[in-house]
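Dear colleague,

Please find the structure below, handed over for your use. My findings follow directly after it.

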Amino acid sequence: MNKQQLAAKIWESANQMRSKIEANEYKDYILGFIFYKYLSDQQMVFAKQQGMSDAEIIKLNENDHETRDYIQQNIGYFISYDNLFSTWLAKGSDFDVSNVRDALSAFERLIHSHHKKLFDGIFNTLQTGLSKLGESAVKQTKAISDLLQLIQEIPMDGKQDYDVLGFIYEYLIEKFAANAGKKAGEFYTPHEVSLLMSEIVAHHLKDREEISIYDPTSGSGSLLINIGNSLAKHIDDENNIKYYAQELKANTYNLTRMNLVMRGIIPENIVTRNGDTLEDDWPFFDENDPVGSYDPLYVDAVVSNPPYSQKWDPEHKDSDPRYARFGLAPKTKADYAFLLHDLYHLRPHGIMTIVLPHGVLFRGGEEGQIRKNLIENNHIDAIIGLPANIFFGTGIPTVILVLRQQREHNDVLIVDASKHFSKVGKNNKLQACDIKRISDTVIARENRPNYSQLVSKQSIRDNDYNLNIPRYVDSSEASESWDLHATMLGGIPQTEIDALSDYWQALPALQQTLFNKKNAQYAELSIDINTDQLKQQISQHPQVQGFVQAFSDALNGFDAYLVTQLITNWQSVNRKQQEERLSHELFKRLQSIALIDKYHAYQLLNNQWQSIHTDLEIMQTEGFAACRQVDPNLVNKKVKGKDTEVQDGWIGHVLPFELVQSTHLQEELEALKEKENRLTEISAEFEAIIDALSEEDKEAETIKDSGDGFINAVVIREAKLLKAEVKKQGEFAEDSYEASILKTDKLIAEEKTLKKAVKTDSDTLHLKTKATIEALTDAQVNELLEHKWITPLLAELNQLPTAIINELTQKLQKLADKYATTYADVESGIKTTEQSLVTMLDELTGNEFDLQGLAELKLMLRDEG
């Protein structure tokens, strides 16, 4: 089940549950049951790995102490057979809400002592909320049964390329934003922001063998999970990553634990705490054993997205080691309290990223002093300005601050990424190319015009430690100006031509060809041309053709490289690392090609990679034979008034039917398309004939504004009578009403025959496609994979030079049009129009008063002339 299918299922279920529970509480139920199913499934997998038969699994019971203890010691918990998720489903109508209550109570009791901190109370939110699912046990049972049916279809084996729990959480927060995200203040970190922070952290830590990461406001745990995924690109053993998480709210704390466990992280690497990060710092020791348990928390990376500008209590915290060096945040805004907490827990060579509101960059008072201390102590490494409105529930602008304990440089990189996003619904969203552009800039510490700037400590001092991004990076678009000389006398200002310097640096001879100098300050296009002519002249210029050829040469062999990497070696592809390798190869090929935005090219690669990744996951988990698999195409249809899942043909497990048809069944496909095209033509011809009828003819036959079926019936009835008349009197005139009716009758008959043929041919082609897929050779599968994965990507990449040419053409045409009409031309046109009007007025006649008015108007026009 992909994201879109999962989202549709969840929303359908949520709508059904709305009458029973508050919308913003729905996520707690569905996520709790999902996690319980995951634990049940994991125990079943473990039992079978130990060689237990189905008969032995059925006998699993907590009274079998030996088996119970063995399972507890290995996976940290024990679930009796009667309490397994699959057993609940198998009960059918015998299932009852009491089964869930008993199971959750037993789970709490049967946690292994070594895993008590990880699992203790993890189902509290679910258990205490069961009574809200209905006024009676019967209604509660029905509501839970509906949820169980939904959840059994949700993928949760940890192999998905997305965080399943996090996705559901984010999806529901977005859907219920009006009363969930804002009300709870739990601004889920969007996946894209989380991924950006993770990429920056992962690069800093990539050479370390063992890594510890910490999120003190963990929420759903998505930040920690994404960092783990990003680090997996660089390290060999994911079990060398240790996760620390702290969360204040019990329900989201439980979600953190669920999420970390479901991502396959071993329990020994998960350390979580339900507590107030600012009031109760991570304890250095267990109060029951202060000496033996002493272990201050210092980690390699801290990531956080704390509540923005919330109140806190700084009283009696002057001596708190987290704040003693830098100062206390004001009680009305805890932003810097969270930041200093994070910084305190960093090891000397560690790194931290934190999302905060934009105001932390420039607010004064205590915050200004803390900011000064951080800068003077050389802790702020980078500041990234994010687009507004990218968080659910709040539209305020935010920034990511990157800090380190020890740095080898003392400047600060400031990045304004606020203009780089795509609009998705009501929210803005970072695209893959935006994330890569930012992370590459931060990692390389690059100055990029209108985007990023390395700012010296002295420059920050000169600005009184104000870090407001526009002070250092101007990303605003230049406002359009009009040159007075060119407006009055014509020509194009050289300054506005020079504004296209990126193009002229790459194509200097093109500029010389396109423009003639009027003088040192003004030029004009060499010939008077329209957009199509201008584009043709640009495209045919030798230097532009050289640019296109250079791009083609750069991509020469890229398709073969992709075939080798992805298809020939499909079994050994590391899906977590492969996209990075492909992008590196693409960037290397494009590095010498001017004008091409490599990040645009990367976005095209990333778009295609999503499909490739999904297919590779199927192939690597199910085997190459999955490419020859065909599945029932299940759709929801109304059956006796109820939504019912029914089969509607077949669908390729990996290879789409359309692709197979266009490659291996071209004749059949073309024949079918020809019939379908003829049906479209018939429809157009039919409408043309009916429209051509006079209103009297339409009224006479009562076919005006009638439905197609009624019109057909009228035409067929009328045609029968007319055919008999033809036999008696001969053919009707070509443009007569009677001839039109007979033509329409033929079209209706042809349409009926064709529709039947199309249905038959379509069904035949569908079944033939199924048989073709199932009989494909390995070589044919590889060819189809290349057509699905690689051919579309190369086609889109090869369009990039054309896009550059089109873009330059539009800019030049706009520039030429801007000054094409001078003020003198406008004045001349006005005079010509006035003279024409006076001439027309001379020809007008009227009564005495009309003529007096016309005379005055002519006098005014002549005076103005």
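Asparagine 450 is exposed, with a relative accessible area of 52%; the classes are buried under 20%, exposed over 50% and partly exposed in between, with a 1.4 Å probe and protein chains only. This is a predicted model, in which local features need pLDDT of at least 70 and side-chain atom pairs count only at pLDDT 80 or more, while totals for chains, interfaces and linings use all residues. Residues are numbered from 1 along each chain as its sequence is written, and side-chain values use heavy atoms, with hydrogens and water left out.

Asparagine 450 lies in the loop between helix 17 (432-444) and strand 11 (452-455). Helices (H or I, at least four residues) and strands (E, at least two) are DSSP runs numbered from the N terminus. The phi of asparagine 450 is near 60°, a positive value in a residue other than glycine. Most residues other than glycine have a negative phi.

Serine 309 also has a positive phi, of about 50°, although it is not a glycine. Serine 309 is found in the loop between strand 4 (299-304) and helix 15 (335-344), and is partly exposed at a relative accessible area of 26%.

Glutamine 511, in helix 22 (residues 508-514), is buried, with a relative accessible area of 19%. Leaving aside residues up to four places away in sequence, glutamine 511 touches Gln494, Ile497, Asp498 and Trp504, where contact means heavy atoms within 4.5 Å.

Turning to helix packing, the axes of helix 26 (residues 575-590) and helix 27 (residues 598-622) come within 10 Å and cross at roughly 150°. Axes are lines fitted to C-alpha atoms, for helices over the stretch in contact, and angles run from 0 to 180 degrees between N-to-C directions. Helix 26 and helix 27 are therefore roughly antiparallel to each other; angles under 35 degrees count as roughly parallel, over 145 as roughly antiparallel, 65 to 115 as roughly perpendicular and the rest as oblique. Residues making the contact include Leu582, Leu586 and Phe587 of helix 26 and Tyr602, Leu605 and Trp609 of helix 27.

As to confidence, the protein chain averages a pLDDT of 88, and 89% of the residues score at least 70; pLDDT is the predictor's confidence in each residue, from 0 to 100. Over residues 177-185 the pLDDT is below 50, and this stretch has 14 contacts in the model beyond near neighbours in sequence.

Yours sincerely
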